Structures are given as C-alpha cells and as structure tokens.
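Hello,

Please find the structure below. My notes on it follow.

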Amino acid sequence: MTDPPELRFDGRIAIVTGAGGGLGREHALLLAARGATVVVNDPAPVRAGVDRRPANSVVAEIVDAGGSAVANLDSVADRAGAANLVSNTISEFGRLDILINNAGILRDSTFHKMSDEQIDAVLDVHLRGAMWISRPAFAHMREQGYGRILVTTSAAGLFGNFGQANYCAAKAGLVGFARALAQEGRKKGVTANILAPVACTAMTEDILGPLAQRLDPALVAPVAAWLVHEDCALNGEILSAFGGRVARAFTAIGPGVFLDEPTIEAIRDNEARILAEDGYTVPRNAAGELGLLPTVAG
Ligand SMILES: NC(=O)c1ccc[n+]([C@@H]2O[C@H](COP(=O)([O-])OP(=O)(O)OC[C@H]3O[C@@H](n4cnc5c(N)ncnc54)[C@H](O)[C@@H]3O)[C@@H](O)[C@H]2O)c1
C-alpha cells in the first residue's frame, strides 16, 4: 500500500503571530515544510547568547530547510503595526490565505490584586491584537473568496483558571470572536476555528511539572495546520490538542425545563433538571439556541 499524498500548502501565504518560539514556531515550521510561505511575526528582542531576534532565527531555520519565510517584528497590540503587517504581506506576496493568531503573554494575579497594566496588557495582545490583525486579513480573504483564520484559546478561557481573570477573559473572548468570523465568512470561503493547546513552552515550562515532557509543542502543530488547510471544512469549531490527544470542545445547552411560571421557588425546585447535561444540544449560532423554545415548550 502506498501512503496517501501529504497535505500541502504550496502557494499559500500565511502569517503566524508570536512565531518566534513555542507553539507559533512549530506552526510556522510545519506550514513552511509543507510549502507555505510564512510571515514569522514576533517582536521579542534578542535573547542572551543568541545573535538574532527570535523571529529572524525561525526564518533562518525555515530557509535553511529549503522553505520560504520572512520576519515581521511588529507587536500585534499595535493597531497600526498589525494593519501594516497585513498590507505589507499582501503587497509583497499578492495574497494572504492563512492567519494564525497565536501571540500571547501572561500577567497572572488574583483579580482583587490585578493592576490596570495587567488587564490592559493581556487584553491588548490576545484579544485586541487578534482583532487588529484579523480585521484587514478577513476583509482581504472575503474579497479573494478564500481564507483560513485560527485563533488560540486556552483551557483557562474555556473552563476558567485561578489567578488568570485577565487571560481567561481574553481567551474566552477569542472564542466568541472566531465564531462570529465563522458565520460572517462562511459564504465567502473563509473559515475561522479555535485551537485550545497545552504544550511545554517558555510560557508554561515553570508550571507544568512532570507532565511537561509529554507536552511537546510539535504534537499540537498538525492540529493547527489541519484547521488552516483548504481541505478542512470545519468552521467555528474548537479543537483541544495536547500530548497527542485531540478532542472537540464545544458549547452546549442542556435540555432544560419549560416553566409556565418561572418563580424564584420554581427555579430552586427545578435546579437539578435545569443543570442536567444529558440530551444536550450544540447550537450553531445564537439564533439556534432561541430555536429551542418551541421544542421545550412543545
Ligand atoms: N503553552 C500552553 O500550554 C498554552 C496553553 C493554552 C494556550 N496557549 C496559547 O498559545 C499561544 C502560544 O503560547 P506559547 O505557549 O507558545 O508561549 P510562548 O511564550 O512560547 O510564545 C508566545 C510568543 O508570542 C510572542 N508575543 C508576545 N507578545 C506579542 C505581541 N504583542 N505581538 C506578537 N507576538 C507577541 C512572544 O514573543 C512569544 O514568542 C498563546 O496565545 C498562549 O496563550 C498556550
């Protein structure tokens, strides 16, 4: 038996934000190895003992391996810089097919002690940054009739995490953001999906403990790459990926109860039925949830 042909990205132009290290670097290396031209975005400065900035190092790795890549050193949190990154990519390469919003930082603190700077910095990079760069990218992709956008959420955003209210809010916001793009892009050949990774990187190496050795970021990159491949028809989906495990995460609504008179007491008395998970529905959009009313009432 011959192996099936590998999935390729030849001719595709991709931007990966925060690709100077960690997960973004793995996404960039994999896309480039499969034929994409990758804009490696990362403003991180030169590190001690290294003679290049991280974005330039990743570009060198790609080029040394025979691939095609250029570096971009703008911060996604800088609205003008993000817009320039998209417009420069399109003027240099004639198109933009793939945007992986991966850039990220942590500014952890319990919420009652969290500073303005900690809130602003995290929302600026993760949530606003993804919006600043995705808006011109999305407009271009709609016009060209093709595009693949990926945002990076986190278990913290999906399920909550102690000491990360800023990060949880930003990461949950990205889910709603991508799902709106999924609906607005559907008829224009543009999809938007959501990756929820765990991996041992500079961001997490001090907190993962013994699990770290099982959480190579290279195990996550193929999931990102599939979600931005032209053959992938998923749209508005969340895929959780770590250590080789890949699973759909989804927002579901339980069967609920229908109460003619929803008094406070009736809510209390029906709490167990209201919380029941069996027989859940996964609405495709906000209107889809409203559509459950006659079903419940009937
Ligand atoms: N590592 C995990 O377990 C994990 C879990 C859930 C989500 N994530 C998310 O995955 C993404 C990648 O994280 P990672 O683990 O590879 O961390 P990382 O720290 O190794 O990489 C993040 C990269 O983003 C870059 N960056 C920071 N601010 C930027 C900005 N303003 N503009 C552009 N780039 C910027 C950094 O320089 C860095 O290279 C992040 O969005 C993170 O929140 C990671």
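**Pocket between the domains**

The lining of the second largest pocket has 6 charged, 9 nonpolar and 5 polar residues. (Nonpolar: Ala, Val, Leu, Ile, Met, Phe, Trp, Tyr, Cys, Pro; charged: Asp, Glu, Lys, Arg; polar: the others, Gly among them.) A pocket is an open set of points on a 1 Å grid over the protein atoms alone, with protein on both sides within 12 Å along at least five of seven lines; a cavity is a set where a 1.4 Å probe fits but cannot get out; lining residues have an atom within 4 Å of a point.

This is a predicted model: local features need pLDDT of at least 70, side-chain atom pairs count only at pLDDT 80 or more, and totals for chains, interfaces and linings use all residues. Residues are numbered from 1 along each chain as its sequence is written, and side-chain values use heavy atoms, with hydrogens and water left out.

Back to that second pocket. It holds about 410 Å³ of space. (A volume is the space filled by probe spheres set on the points, which are joined across faces, edges and corners.) In total, 20 residues line the second largest pocket. R179, G236, P283, R284 and N285 lie nearest its centre. Two helices, α6 and α10 (286–290), each supply at least two residues of this lining. The largest share comes from α6, with 3 residues. (Helices are DSSP runs of H or I, at least four residues; strands are runs of E, at least two; both are numbered from the N terminus.)

Where does the second largest pocket lie? It lies between domain 1 (13–249) and domain 2 (264–297), because both give residues to its lining. The protein is divided into these two domains, with bounds from an automatic or database domain assignment. The centres of domain 1 and domain 2, taken over C-alpha atoms, are separated by 34 Å.

**Largest pocket**

The largest pocket contains about 1,000 Å³ of space. Its lining counts 41 residues. Nearest the centre of this pocket are G104, Y167, T201, M203 and T204. By class, the lining of the largest pocket splits into 18 nonpolar, 17 polar and 6 charged residues.

Four helices each supply at least two lining residues here: α1 (22–33), α4 (116–144), α5 (155–159) and α6 (165–185). Which of them gives the most to the lining? That is α1, with 4 residues. Note that α6 takes part in the lining of the largest pocket and in that of the second largest pocket.

**The cavity**

The structure holds 1 cavity of 30 Å³ or more. At least two residues each come from α4, β5 (147–152) and α6. The most come from α4, which gives 4. Helix α4 also supplies at least two residues to the lining of the largest pocket.

**Salt bridges**

There are 12 salt bridges in the structure.

First, R12 and D97. Their closest N and O atoms are 3.2 Å apart. This pair links distant parts of the chain, 85 residues apart. R12 sits in the segment before β1 (13–16), and D97 sits in the loop between α3 (79–93) and β4 (98–101). Are R12 and D97 buried or exposed? Both are buried. (Buried means under 20% relative accessible area, exposed over 50%, partly exposed in between; 1.4 Å probe, protein chains only.)

Next, R248 and E237. Here the closest N and O atoms are 2.8 Å apart. R248 lies in strand β8 (residues 245–249) and E237 in the loop between α7 (221–227) and β7 (238–242), so the pair ties together parts that are 11 residues apart in sequence. R248 has a relative accessible area of 44%, so it is partly exposed. E237 counts as buried, because its relative accessibility is 18%.

Last, D10 and R8. Their side chains meet in a salt bridge with an N to O distance of 2.9 Å. D10 counts as partly exposed, because its relative accessibility is 48%. R8 is at 32% and therefore counts as partly exposed. D10 and R8 also belong to a network of salt bridges that links them with E6 and R34.

Best wishes

Technical notes:
Salt bridge = Lys/Arg side-chain N within 4 Å of Asp/Glu carboxyl O.
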